Amino acid sequence: MRRWTEPHLRRRADGQKHPVLDFLFTYYSHRPARLERWHPGPGVVLAGESAREYLGWSGYREVAAGVELDPDAFTPNRRRTAEFVLALLTATAARPPRLGCFGLHEWAMVYRSSQEEVRHAGWPLRLGSSGTDRVVESLPIRCSHFDAFRFFTPPARPRNTLQPTRQDQLRLEQPGCLHANMDLYKWAYKLDPFVPSELVADCFELAVGVRELDMRASPYDLTALGYSPVRIETVEGRAEYARQQADFAERAAPLRARLVEVCRALLAYAR
């Protein structure tokens, strides 16, 4: 994890912002130190003197053979989280991926905004404000993810074919959505330390790749950072976006399945 956490910490110490990678440490709230910390998951006993270090961390207990996760630390709040995550991921996995959104959520977040008002104001819009607005007005917006939709500018919201709410999350999330696949990382770390760190790391690595596509397909010009644009304003760009979106949906599916199994195991393990 240090290949991502250490550059982030250096940038933060230098006061440098990164419009792509900071998202993984700001929107997602898992601290770098927690991301670097290894947890074995339930049902594993750590042996040897060094295992006693874990007794200083929340969620562990000493047993005759060593140190293990404490079932009593799986509180009612954690159980409710696991039940929600299980329901959400099971519902999402049962739906076919829909690949026709073309990343327009990022465009809708800057629609009819001045350069000074956009979230990443230090980076130019590839097509300028008026060109960006024309793209939003020329294509249907089909965002099903509430946590993307809630950042739409007010004039962009009525243009979405759906009006998702938090209560709609279980009904609307689908496995082609980039944000739903990035969120696998969130659902993994929300249950820390009860999810094996290898799974948290795999979900984080997926989220890095998804975030890069998300911003390459955005209206921002990030070529100075080495991110070539996916020009979704063109037919070819939309086809490229859909191909990569399908690839991420395929990569996310086994991670989603692993998280489902972990949630089921936790709900049985800590009765």
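Reply: In this predicted model, the residues lining the second largest pocket fall into ten nonpolar, seven polar and two charged. The lining is made up of 19 residues. Those nearest the centre of the pocket are Cys101, Arg142, Cys143, Ser144 and Gln174. Two helices, α5 (residues 104–108) and α9 (residues 178–190), each give at least two residues to this lining. The space in the second largest pocket comes to about 220 Å³.

The largest pocket can be described in the same terms. Its volume is about 460 Å³. Its lining has 24 residues, and Pro19, Phe23, Arg119, His120 and Arg211 lie nearest the centre. By class, the lining of the largest pocket holds eleven nonpolar, six polar and seven charged residues. Helices α2 (23–26) and α7 (146–149) each contribute at least two residues to the lining of the largest pocket.

As for strands, β1 (residues 60–63) and β2 (residues 66–69) run antiparallel and are joined by four bridges. The link between β1 and β2 is a hairpin of two residues. At that end, Val63 has Gly66 of β2 as its bridge partner.

Conventions. Residues are numbered from 1 along each chain as its sequence is written. This is a predicted model: local features need pLDDT of at least 70, side-chain atom pairs count only at pLDDT 80 or more; totals for chains, interfaces and linings use all residues. Side-chain values use heavy atoms; hydrogens and water are left out. Two strands pair if DSSP finds at least two bridges between them. On a 1 Å grid over the protein atoms alone, a cavity is a set of points where a 1.4 Å probe fits but cannot get out, and a pocket is an open set with protein on both sides within 12 Å along at least five of seven lines; lining residues have an atom within 4 Å of a point. Grid points are joined across faces, edges and corners, and a volume is the space filled by probe spheres set on the points. Ala, Val, Leu, Ile, Met, Phe, Trp, Tyr, Cys and Pro count as nonpolar, Asp, Glu, Lys and Arg as charged, and the others, Gly among them, as polar.
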